[in-house]
Amino acid sequence: IQSLFRGNRDRKIAITKREEREAAIRLQSLFRVVRSKKALAEAKKRRNVEEEAAIKIQNCYRQYRSHEKLLSLKDQNEDELKKQSKAATKIQALFRGNSARNLYSDLLAKQEAAIKLQALFRGMKTRKSLDKAKSDNNKEEEAALKIQNCYRSFKSRQALND
């Protein structure tokens, strides 16, 4: 019985040790995954910072190079640049003048259209008020005629009754 008991106990101990070992291996594996993800994220950050720094350096170099190129061109072709600048200024002035004239003519056309609409509206309003006045006069005349007719009828009936 003791040997069976010891064998059973040893098997249980072996099973729990194996389960503990497997659990430890799983934990270690998860820890390695988390650690590698963190390391990857940090590497990406470092790489992004390095890329941004490289881009910034490249931009500064390009600006420096273009500035140097501009200075050399300025020294070589100062007269040419002045001519181009004057020509650009002249073109801009002509364009602005033309644009202003177009805007002014559009404004005048809109004002004339507004004045025409106002005149048409006033004429329509006046004609409407005249028509209303005529119809009011006609109604008054009809009412007066009706009253006169009624009064004459009344008088004639009164004269017949007397």
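Predicted model: local features only at pLDDT ≥ 70, side-chain atom pairs only at ≥ 80, totals over all residues.
Student: How many helices and strands does the secondary structure hold?

Tutor: The protein chain has 2 helices and 0 strands. Helix 2 covers residues 78-161.

Student: What does the radius of gyration say here?

Tutor: Set the value against a globule. A compact globule of 162 residues would come near 15 Å, but this protein chain has 53 Å. The box tells its own story: the C-alpha atoms fill roughly 160 × 95 × 10 Å along the principal axes.

Student: What share of the residues is buried?

Tutor: Buried means under 20% relative accessible area. Here buried residues make up 0% of the 162. The protein chain exposes about 15800 Å², with carbon and sulfur atoms supplying 58% of that.

Student: Which residues form a nonpolar patch on the surface?

Tutor: Tyr104, Leu107 and Leu108 form one, with about 290 Å² of accessible area together. Take Leu107, which sits in helix 2. Leu107 counts as partly exposed because its relative accessibility is 45%.

Student: Which side chains meet in a salt bridge?

Tutor: A salt bridge needs a Lys or Arg side-chain nitrogen within 4 Å of an Asp or Glu carboxyl oxygen. The structure holds 1. Asp10 and Arg9 form it, at 3.9 Å from N to O.

Student: Why do Asp10 and Arg9 count as partly exposed?

Tutor: Asp10 has a relative accessible area of 44%, so it is partly exposed. Arg9 is at 39%, so it too counts as partly exposed.

Conventions. Residues numbered from 1 in each chain as written. Heavy atoms only, no water. Helix = DSSP H or I, 4+ residues; strand = E, 2+ residues; numbered from the N terminus. Rg over C-alpha atoms; globule rule 2.2 N^0.38 Å. Buried < 20%, exposed > 50% of the residue type's maximum accessible area, 1.4 Å probe, protein only. Areas by Shrake-Rupley, 256 points an atom, 1.4 Å probe, with all protein chains shown as cover. Patch = residues over 30% accessible without salt bridge, like charges linked within 9 Å, V, L, I, M, F, W, Y side chains within 5 Å.
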